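Open the model in your viewer and keep the selection panel at hand. Each stop below gives a selection and then what is there.

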Amino acid sequence: MKLIIINGPNLNLLGKREPEIYGSASFDDFFKELQLQFKTIELSYYQSNIEGEIIDKLHEVGFDYDGVILNAAAYTHTSVGIGDAVKGIETPVVEVHISNIHAREEYRHKSYIAPNAKGVLFGFGLKGYELAIQSFL
Ligand code: DQA
């Protein structure tokens, strides 16, 4: 089983950025824990602040991997291009958000990814990534 977590803009700042919303753990430390927890899964991680790089990564993994766990962060609410990439690839995509996007500003309620995602998890903190992995097992 080959899965990849793809994180979008500003998620490289996890642990430092708005900790009251996103928590105080860095994603690198959390990812090491995930790898220990899911030893039998080939789990990789990619982060980019650049929309086109996220699209390129989706194309690269999207006909080969068993699943993508995608937190496109702010691009979720704006990017027709990432939405089209999710639609265009074969690999199922689970959309994840750390915060409850529906309890926040109106502009965070819209997702260009959700219509073509296998499922969406939001509001469970970093645990959402763990639940997303479990959804592929
Ligand atoms: C986020 C929610 C987005 O609205 C926001 O732009 C992010 C993070 C989340 O994980 O809660 O950067 O995707």
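The tour goes from the ligand shell to the annotated sites, then to a strand and a helix.

This is a predicted model: local features need pLDDT of at least 70, side-chain atom pairs count only at pLDDT 80 or more, and totals for chains, interfaces and linings use all residues. Residues are numbered from 1 along each chain as its sequence is written.

**Stop 1: the ligand shell**

Select Asn10, Asn71, Ala73, Ala74, Thr76, His97, Ile98, Ser99, Ile101 and Arg108. These are the residues around the ligand, each with its C-beta atom, placed from the backbone, within 6 Å of it. Colour them by class: 4 are nonpolar, 5 polar and 1 charged. Here Ala, Val, Leu, Ile, Met, Phe, Trp, Tyr, Cys and Pro count as nonpolar, Asp, Glu, Lys and Arg as charged, and the others, Gly among them, as polar.

**Stop 2: the "active site" pair**

Now select Tyr22 and His97, which an unreviewed UniProt entry annotates as "active site". They are spread over 76 residues of sequence, yet they cluster in space, with a largest C-alpha distance of 9.7 Å. UniProt positions follow the numbering used here, feature names are shortened, and annotations may be inferred rather than shown by experiment.

Tyr22 is in helix α1 (residues 19-22). His97 is in strand β4 (residues 93-97). Helices (H or I, at least four residues) and strands (E, at least two) are DSSP runs, numbered from the N terminus.

Is His97 buried or exposed? His97 is buried, with 21 other C-beta atoms within 10 Å. Tyr22 is partly exposed, with 19. The cut-offs are 20 or more other C-beta atoms within 10 Å for buried, 12 or fewer for exposed, and partly exposed in between.

Show contacts next (C-beta atoms, placed from the backbone, within 7 Å). Leaving aside neighbours within four places in sequence, Tyr22 is in contact with Leu14, Arg17, Ile98 and Ser99. Not counting residues up to four places away, His97 touches Asn71, Phe122 and Gly128.

**Stop 3: the "binding site" set**

Select Asn71, His77, Asp84, Ile98, Ser99 and Arg108, which the unreviewed UniProt entry annotates as "binding site". They span 38 residues in sequence, and the farthest two C-alpha atoms are 23.8 Å apart, so they do not all gather at one spot.

Zoom to His77, in the loop between β3 and α4. His77 is partly exposed, with 17 other C-beta atoms within 10 Å. Beyond its neighbours within four places in sequence, its contacts are Tyr107, Arg108, Lys110 and Ser111. Move on to Asp84, in helix α4. Asp84 is also partly exposed, with 14 C-beta neighbours inside 10 Å.

**Stop 4: strand β1**

Select β1 (2-7). In β1, 5 of the 6 residues are buried, so the strand is largely enclosed by the rest of the structure. Strands pair if DSSP finds at least two bridges between them. β1 runs parallel to β2 (residues 42-47), joined by 6 bridges, and parallel to β3, joined by 5. Then label Ile6, whose bridge partner in β3 is Leu70.

**Stop 5: helix α3**

Select α3 (residues 51-61), where Ile54, Leu58 and Val61 are buried. They cover an arc of only 80 degrees around the axis, which puts them on the same side of α3; the arc is that of the directions from the helix axis to the C-beta atoms. An α-helix has 3.6 residues a turn, so residues three or four places apart point the same way.

Which elements cover the buried residues of α3? They include β1, β3 (67-71) and α4 (80-88).

Methods: Contact = placed C-beta atoms within 7 Å.
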